[in-house]
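Take a look at the chain shown below. This report covers how its parts meet.

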Amino acid sequence: MPPFVTESLILKVVDFQERDLLVTFYGDERGKLRGVAKGAKASRRRFGANLDLLSLVRISGFERPGDSLVRLEGADLLEHFGPVREDLVGFARACYVAEWVDGCAAERQPVHGLLSLVLWALRSLGKGSAGEAVLRLFEIRALDLAGYGPRLDACARCGGDLGHGTSIRVEISQGGALCQSCAGGPGLRISRGTLKLLHEARSLPLGRLHRVAFSSLAMREARGLLRSFFTYHAGHTLRSSEFLESVGT
Ligand SMILES: [Zn+2]
């Protein structure tokens, strides 16, 4: 039963049996794991409030042979992201990020750089401005890290030039934008400017991502495009997106 220590973000916490909690967490060393925190529901003596959703913690625990669930032994709080908890929409956006990671990350398969990206998103959301842009930038970068990033600068099927039209056909199942010769099936029509904006955001250092500004058209198109890619690869929609849509974001 090898022990481990991992710096991870808590993605989901649900009751488990009478006294325990089932915790889903993600860290770049071990990927996504699900673990049982014995007694954590009945008593806060051992874990305190450190297993709160969206907390960054240093988790210690151990694997159990033949069991997909690990056993949690302790959790030291590293960052609680207090500012994102203070307003409903900010918190919903942060939950969207956590749900995205839970939906796209496979268990025990680390995605290098994903935790840093998530922390950038949560800290940026805590600053309160441009929250929706933070989500779009998180999504395009996270899709890239997970290996699902759409091709946006050339035809995803033939590699050819996308031509000079003001809007480009994007087919999720083909992996991105298509040239006029390859486009034929169903797909989304996305403005050339939106594709260019998203493509350029992929290579910026995290510290400069906040400079990317979306027009209302680019935001609307990017939201539809990136959510479609998530749904295609994860096989389900994000529950938190319904709430965000209900409040107009
Ligand atoms: Zn083509």
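## A salt bridge, up close

A salt bridge is a side-chain nitrogen of Lys or Arg within 4 Å of a carboxyl oxygen of Asp or Glu. The model here is predicted. In this model, Glu107 forms a salt bridge with Arg34. Their closest N and O atoms are 2.8 Å apart. That value lies within the 4 Å cut-off, so the pair counts.

## Two domains

The chain is divided into two parts. Domain 1 covers residues 3–79, and domain 2 covers residues 85–246. Their centres, taken over C-alpha atoms, are separated by 29 Å.

## Where they touch

How many residues of each domain are in contact with the other? Domain 1 brings 23 residues, and domain 2 brings 23 residues as well. Between them, the domains bury about 1800 Å². Carbon and sulfur atoms account for 56% of that area.

Three residues stand out on the side of domain 1. Tyr26, Lys32 and Leu54 supply 36% of the area that domain 1 buries against domain 2.

## Polar links and the surface behind them

The rule finds five salt bridges across the interface of domain 1 and domain 2. Polar contacts join 13 residue pairs between the two domains.

Which elements give two or more residues to the side of domain 1 that touches domain 2? They are the strands β1 (3–16), β2 (20–27), β3 (31–37) and β5 (70–79). By class, this side of domain 1 has ten charged, eight nonpolar and five polar residues.

Notes
Residues are numbered from 1 along each chain as its sequence is written. This is a predicted model: local features need pLDDT of at least 70, side-chain atom pairs count only at pLDDT 80 or more; totals for chains, interfaces and linings use all residues. Side-chain values use heavy atoms; hydrogens and water are left out. Domain bounds come from an automatic or database domain assignment. Contact means heavy atoms within 4.5 Å. Buried area is the accessible area (1.4 Å probe) that two parts lose on being put together, summed over both. A polar contact is a pair of N or O atoms within 3.5 Å; within protein, one must be able to donate a hydrogen and the other to accept it, and residues adjacent in sequence count only if both atoms are side-chain atoms. Helices (H or I, at least four residues) and strands (E, at least two) are DSSP runs, numbered from the N terminus. Ala, Val, Leu, Ile, Met, Phe, Trp, Tyr, Cys and Pro count as nonpolar, Asp, Glu, Lys and Arg as charged, and the others, Gly among them, as polar.
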